Amino acid sequence: MVVTAAVKAIRKISILVIDDDSVEHHLVHRYLGITDGWEPELTFATSGAVALRILERRPVEIVLLDYHLGGENGLNLLTKIRDVVPSSAIIMMTGQGDEELAAEAMKAGAMDYLPKGQLTPEGLQRAILKAAEERDLRRKVAEQQKLLENLARHDELTGLYNRRALLEALSSEAARARRHEGSLCLLMPDIDHFKNVNDTPGHLARDAPLAAS
C-alpha cells in the first residue's frame with residue numbers, strides 16, 4: 001500500500017483500542033501494520049475501567065471504542081472518556097451498521113463510526129487520519145478562539161484588563177462584597193513623571209515604559 005503524505009505526517013500517532021475481544025485486537029494491529037512507514041503506538045484495553053486508568057496516566061490521540069463491551073455501554077464510556085481526555089479523537093466501532101447508533105455516537109462526541117463487518121485496512125486508516133486531522137483543526141480553532149477572547153479583554157501592550165473587562169471585574173467584586181457584607185478596595189497606580197516621556201522622546205517611545213511596568 002502506498003504511504004500517503006498524511007500518513008507520514010502522523011506516523012507516530014498514539015491509539016488506544018478498547019474492545020473485550022482479543023481477536024479484534026489482533027485484527028486492528030494487523031490492519032494498521034499493513035502500511036509501510038506508519039508506526040502507530042498501539043495500546044489495548046479489554047474494559048472501560050482499564051481504558052480509563054490508561055488514559056488518566058497517558059492520554060492518547062485516537063481512541064477506537066467498541067460499542068459492546070460485555071455489560072458496558074459504549075456510549076456511556078464515550079462520555080467518560082471525553083471528560084478524562086477531551087483532546088482525544090474517538091472512533092466508535094460496532095458489529096453491525098446502525099444509522100441511529102451512529103447518530104448517537106456522533107452526538108456524544110465521536111468523530112466517526114465504523115461497522116466492524118465492513119472494516120478494511122484502508123477504511124480504518126482513512127478513518128484514523130480523518131479523525132486526527134479533525135482533532136487538530138478543532139484544537140487550532142479553540143486556540144484561535146482563546147486568543148481572540150484574550151485580545152477582547154486585555155490591553156495588547158501591557159496585558160492588563162481593558163476598560164470593559166475591568167468594569168466587569170469591578171462589578172463582580174462589588175456584588176461579592178455586598179453579599180458577604182465586606183469592603184472593597186480599588187488601587188489606582190500611577191507612573192511618576194510619565195508626562196516627561198511623552199514630551200521628550202515622544203509618544204512612540206512611551207510604549208517601552210508602559211510595557212515594562
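The structure is a predicted model, in which local features need pLDDT of at least 70 and side-chain atom pairs count only at pLDDT 80 or more, while totals for chains, interfaces and linings use all residues. Residues are numbered from 1 along each chain as its sequence is written, and side-chain values use heavy atoms, with hydrogens and water left out. The protein chain holds nine helices and seven strands, where helices (H or I, at least four residues) and strands (E, at least two) are DSSP runs numbered from the N terminus.

**The chain as a whole**

- Of the 213 residues in the protein chain, 35% are buried; buried means under 20% relative accessible area, exposed means over 50%, and partly exposed lies in between (1.4 Å probe, protein chains only).
- Among contacts in the protein chain with a separation of 6 or more, 62% are between residues 24 or more positions apart, a contact being heavy atoms within 4.5 Å.
- The protein chain exposes about 13,600 Å², of which carbon and sulfur atoms supply 53%; accessible areas come from the Shrake-Rupley method with a 1.4 Å probe, and for residues only the protein chains shown count as cover.

**The nonpolar cores**

- The largest nonpolar core has 24 residues, and those that touch the most other members are Leu16, Ile18, Val63, Leu65, Leu77, Ile81 and Met92; such a core is a set of buried Ala, Val, Leu, Ile, Met, Phe, Trp, Tyr and Cys residues joined through side-chain atoms within 4.5 Å.
- Two or more residues of this core come from each of strand E1 (14-18), helix H3 (48-57), strand E3 (62-66), helix H4, strand E6 (89-94) and helix H5 (99-108).
- Another core, of 19 residues, lies apart from the largest one and includes Val28, Leu32, Leu64 and Leu119.
- Leucine 16, not counting residues up to four places away in sequence, touches Thr43, Phe44, Ala45, Ala51, Ile54, Leu55, Val60, Ile62, Val63 and Leu64.
- Serine 14 is found in strand E1 and counts as buried, at 6% relative accessibility; leaving aside its neighbours within four places in sequence, serine 14 is in contact with Glu41, Arg58, Val60, Glu61 and Ile62.
- In helix H4 (residues 74-84), the buried residues include Gly74, Leu75, Leu77, Leu78 and Ile81. They cover an arc of only 155 degrees around the axis, which puts them on the same side of H4; the arc is that of the directions from the helix axis to the C-beta atoms.

**Salt bridges**

- The count comes to seven salt bridges, each being a side-chain nitrogen of Lys or Arg within 4 Å of a carboxyl oxygen of Asp or Glu.
- One of them joins the side chains of aspartate 19 and lysine 116 at 2.6 Å, N to O. Aspartate 19 lies in the loop between E1 and helix H2 (22-32) and lysine 116 in the loop between strand E7 (112-115) and helix H6 (121-153), so this pair ties together parts that are 97 residues apart in sequence.
- Aspartate 19 and lysine 116 are both buried, and a network of salt bridges links Asp19, Asp66 and Lys116.
- Arginine 153 and glutamate 168 form another salt bridge, with the closest N and O atoms 2.6 Å apart. Because arginine 153 lies in helix H6 and glutamate 168 in helix H7, the pair ties together parts that are 15 residues apart in sequence.
- Arginine 153 is partly exposed at 28% relative accessibility, and glutamate 168 is partly exposed at 39%.
- Within helix H7, arginine 176 and glutamate 173 lie three residues apart, about one turn of the helix, and their side chains meet in a salt bridge (2.6 Å, N to O). An α-helix has 3.6 residues a turn, so residues three or four places apart point the same way.

**Surface features**

- Leu167, Leu170, Leu184, Leu186 and Met188 make a nonpolar surface patch of about 520 Å²; patches are made of residues with over 30% relative accessible area and no salt bridge, with like charges joined within 9 Å and nonpolar side chains (Val, Leu, Ile, Met, Phe, Trp, Tyr) within 5 Å.
- Leucine 170 is found in helix H7 (residues 163-179) and is partly exposed, with a relative accessible area of 33%.
- Leucine 170 and leucine 184 are 14 residues apart in sequence and 9.4 Å apart in space, C-alpha to C-alpha.
- Glutamate 181, in the loop between H7 and helix H8 (194-199), has a phi near 55 degrees, a positive value in a residue other than glycine; glutamate 181 counts as exposed, at 76% relative accessibility.
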